[in-house]
Amino acid sequence: MRILILVLSLIIPSLSFACSCGKRDIKKIISTSKYIFVAGIKSVTINDSTKDHMKGVVAEFVLIDSIKGNAKEIKKLYSGFGGGDCGVPLNVGWQYIIYSNDGVVAVCSGSNNYPGKENDDGYVEKIREYLKNGTDFDPEDFFLIIPSDENCQK
């Protein structure tokens with residue numbers, strides 16, 4: 001049995017990969033992201049690109065709140081399927097806080113589900129204050145917002 005597993009792992013190496021971000025610094029992510037915004041997902045389709053690095057999903061979205069940059073410049077969101085491919089599973093009808101430079105959504109970029117303004121414990125306002133005048137905040141106060149999985153980047 002062990003030999004079979006070894007042989008299969010040598011024959012099909014492209015099917016097994018992991019995603020690992022290491023420790024993420026949300027303040028650095030905020031500072032280096034061109035766009036930060038809240039989006040509601042309208043539709044999701046499979047991106048059937050022949051390029052492996054482009055496989056995943058394409059989502060149309062409604063801009064709910066633009067926090068940094070002109071998020072209207074982003075026409076669609078691109079992500080993996082979630083899990084080992086570092087993508088954020090984008091679900092129709094859900095809201096997400098997006099940190100991106102080009103519409104690509106990844107867990108390691110900080111993008112994550114967003115619970116809605118009434119449930120974010122003031123997180124979006126803290127980001128605005130941080131961007132405007134450097135007001136410090138503790139990201140650990142926002143456990144629903146800050147991704148906690150450290151295994152999320154190729």
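Q: What makes Lys68 a buried residue without a salt bridge?
A: Lys68 counts as buried, a label for under 20% relative accessible area with a 1.4 Å probe and protein chains only. A salt bridge needs a side-chain nitrogen of Lys or Arg within 4 Å of a carboxyl oxygen of Asp or Glu. The nearest side chain of opposite charge, Glu73, is 12 Å away, so Lys68 has no salt bridge. Here Lys and Arg count as positive, Asp and Glu as negative, and His and the chain ends are not counted.

Q: How do you know what these values rest on?
A: This is a predicted model, where local features need pLDDT of at least 70 and side-chain atom pairs pLDDT 80 or more, while totals for chains, interfaces and linings use all residues. Residues are numbered from 1 along each chain as its sequence is written, and side-chain values use heavy atoms, leaving out hydrogens and water.

Q: Why is the pair formed by the side chain of Lys68 and the backbone oxygen of Ile30 called a polar contact?
A: A polar contact is a pair of N or O atoms within 3.5 Å, with one able to donate a hydrogen and the other to accept it within protein; residues adjacent in sequence count only if both atoms are side-chain atoms. The Ile30 oxygen lies 2.9 Å from a polar atom of the Lys68 side chain, so the pair qualifies. That side chain also reaches the backbone oxygen of Ser31 at 3.0 Å.

Q: Which residues does Lys68 touch?
A: Leaving aside residues up to four places away in sequence, the list includes Thr32, Tyr35 and Leu131. Contact means heavy atoms within 4.5 Å.

Notes:
Buried means under 20% relative accessible area, exposed over 50%, partly exposed in between (1.4 Å probe, protein chains only).
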